[in-house]
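Subject: Structure for you, with notes on the aromatic pairs

Hi,

Here is the structure I promised to send over. Please open it alongside this email and have a look while you read.

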Amino acid sequence: MKTEKANFHVICECCGGTTNSESATKRGYSLRKCLNCGLIFVWPQPSSEELNLIYSRSQGYFGTANTDLAKTSDEPALRLHELLKNHDASYGKLLDIGCSTGKLIFHMQKLGYTVAGCDVNTEAVEIAVNNGLEAQIGTVEMINYASESFDIIHMGDVLEHVPSPTQVLRAAHRLLKPNGV
C-alpha cells in the first residue's frame with residue numbers, strides 16, 4: 001500500500017491528519033483513507049459544476065422518479081416515523097437535507113409533521129414544489145431558515161456527497177432546536 005504525505009489541500013475533514021493512502025477509485029476519483037482516523041474521502045473533491053452534472057436527470061439521477069408523489073411508497077416515512085417515536089421526537093417540524101424530489105417529506109407531512117426540504121438539484125426540487133412542498137434549492141449552508149427552527153433534521157445519503165461534512169453538520173446543528181433530533 002502506497003502512503004503519501006498530503007499537501008495542504010489534502011487534510012482529513014475528521015481529524016485534520018495529513019497522511020493518507022489511496023484505498024480505491026471510482027468514476028475517476030480517488031478514495032483516500034486517512035491513516036490517522038480511518039476516514040475515507042474523495043480526492044479531488046468534485047467541483048460544483050461536476051456535482052450538478054452528476055446529480056442531473058440527464059445523467060440518470062432520479063431519472064425514473066415519479067413526479068406524482070402520491071403514487072410513491074410511504075414505507076421510508078413510516079420507518080422514520082417509528083424511529084422518531086422511539087426517541088420521543090414525533091410530530092415536530094422536520095427538515096430533510098438532500099430531499100431530492102421530496103418523497104420522504106411528502107409522506108411525513110401526511111403523517112402530521114410540518115416539513116421542509118432542500119437539495120442542490122433544481123429538477124428534483126421542482127418536483128417537490130409541484131407537489132405542494134416547501135423545498136429550497138441549495139445546500140443547508142445556503143438555505144434561509146432562522147437558527148433553531150427545526151425539531152428534527154434528517155439527512156439520508158448526504159454526508160458522503162458533500163465537500164465538507166463538518167460544515168454541513170455545523171449548519172444543521174445551527175438550525176436544530178435545543179434537544180432536537
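Below is what turned up around the aromatic rings and one of the helices.

Please keep in mind that this is a predicted model. A search of the whole structure gives 2 aromatic pairs. In one of them, the ring centres of tyrosine 91 and tyrosine 113 are 5.3 Å apart with 25° between the planes; planes under 30 degrees apart count as stacked, so this pair is stacked. It links distant parts of the chain, 22 residues apart: tyrosine 91 sits in the loop between α2 (75-86) and β5 (93-97), and tyrosine 113 in the loop between α3 (103-110) and β6 (114-119). Tyrosine 91 is partly exposed, at 47% relative accessible area, whereas tyrosine 113 is buried, at 3%.

Tyrosine 145 and phenylalanine 150 form an edge-to-face pair, with 5.0 Å from centre to centre and 85° between the planes. Here tyrosine 145 is buried, with a relative accessible area of 11%, and phenylalanine 150 is buried too, at 0%.

Now to α3. Its residues Leu104, Ile105, Phe106, His107 and Met108 are buried. The buried residues of this helix pack against α2, β5, β6 and β8 (152-155). Just after α3, glycine 112 adopts a positive phi of about 110°.

Best wishes

Definitions and conventions:
Residues are numbered from 1 along each chain as its sequence is written. This is a predicted model: local features need pLDDT of at least 70, side-chain atom pairs count only at pLDDT 80 or more; totals for chains, interfaces and linings use all residues. Side-chain values use heavy atoms; hydrogens and water are left out. Rings of Phe, Tyr and Trp (its six-membered ring) pair if their centres lie within 6.5 Å; planes under 30 degrees apart count as stacked, over 60 as edge-to-face and the rest as tilted. Helices (H or I, at least four residues) and strands (E, at least two) are DSSP runs, numbered from the N terminus. Buried means under 20% relative accessible area, exposed over 50%, partly exposed in between (1.4 Å probe, protein chains only). Contact means heavy atoms within 4.5 Å.
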